[in-house]
Amino acid sequence: DWMLVRYQMENLKVLFRGYLTKAPVEETGSHLAAVPGWPAVDLQGLSAAESPENFARFFPKGFLRENLEGALEIYTDNPRPFFFEAALDRVYFQGLVAGTEKLPREDREIVSPMVFQEVDMFHLMLVARGKFHYGMTQAMLQPFHVEGARIQRSLFSAMLNDPDVYTSASRARERLFDAEPFERGTDGSNVADASALEGLAWNRFVRLANLAFRRSHMGLGAIVGYAGLRRVE
């Protein structure tokens, strides 16, 4: 059930991007994922929103609206879409970790490597893109850390203090990659490096998803692994 929240969070990102760029309602709506059991969004109302705060009022009261309002508060203090999207992602990942911890031991052992990989990919991109591409400070990025993953808060802080993305990625190498990330270059801070790191981390995610699918013949791992494989496809 919680994994479906991911698609609603992605819908919120699409809608907010459309709002910021004043994209036509029809164009924005064509990029939304249909999530069973979730209420439809008032696209016409969103397109007429006068401010980010007003934007949130067109969503039904409940979990999504509360988290949308929280993300918009962060965005108001730091008016970049990066902060808005990172705030939504953190809510989702913190809930994903909490749900995984409540699983029966057998399911948890199979599913948790996939979960930790995805959460720590989020941590990696906060460093690689947030710090080294957008130039954000540790104070800006530290609040987005997700408790319970393999990149713990102390390691995340160290990665945010590193002088280049190569050093940061090397600290998390065993947690995120099956292969060496890359050779040190003359400039380790460009976005191409972040994209290469992300690709290598997704390769590991695919391996873990395939392993979960095959280890759990009739259990939850088969569902989570299959969902992970299809998402990458």
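Where is R6 found? I looked, and R6 sits in helix 1, residues 2-21. Helices here are DSSP runs of H or I with at least four residues, strands are E runs of at least two, and both are numbered from the N terminus.

I noted the ground rules next. This is a predicted model, where local features need pLDDT of at least 70, side-chain atom pairs count only at pLDDT 80 or more, and totals for chains, interfaces and linings use all residues. Residues are numbered from 1 along each chain as its sequence is written, and side-chain values use heavy atoms, with hydrogens and water left out.

**R6.** Is R6 buried or exposed? R6 counts as buried because its relative accessibility is 7%. (Buried is under 20% relative accessible area, exposed over 50%, partly exposed in between, with a 1.4 Å probe and protein chains only.) I then listed contacts, meaning heavy atoms within 4.5 Å. Setting aside neighbours within four places in sequence, R6 touches K13, D89, Y92, F93, E118 and R231.

**G18.** I found G18 in helix 1 too. G18 is buried, at 11% relative accessible area. Beyond neighbours within four places in sequence, G18 contacts A23 and T28. I also checked Q44: its C-alpha atom is 12 Å from that of G18, and the two residues are 26 apart along the chain.

**Rings.** How many aromatic pairs does the structure hold? I recorded eleven. Rings of Phe, Tyr and Trp (its six-membered ring) pair if their centres lie within 6.5 Å; planes under 30 degrees apart are stacked, over 60 edge-to-face, the rest tilted. Ring pairs join W2, Y92, F93 and F122 into a cluster.
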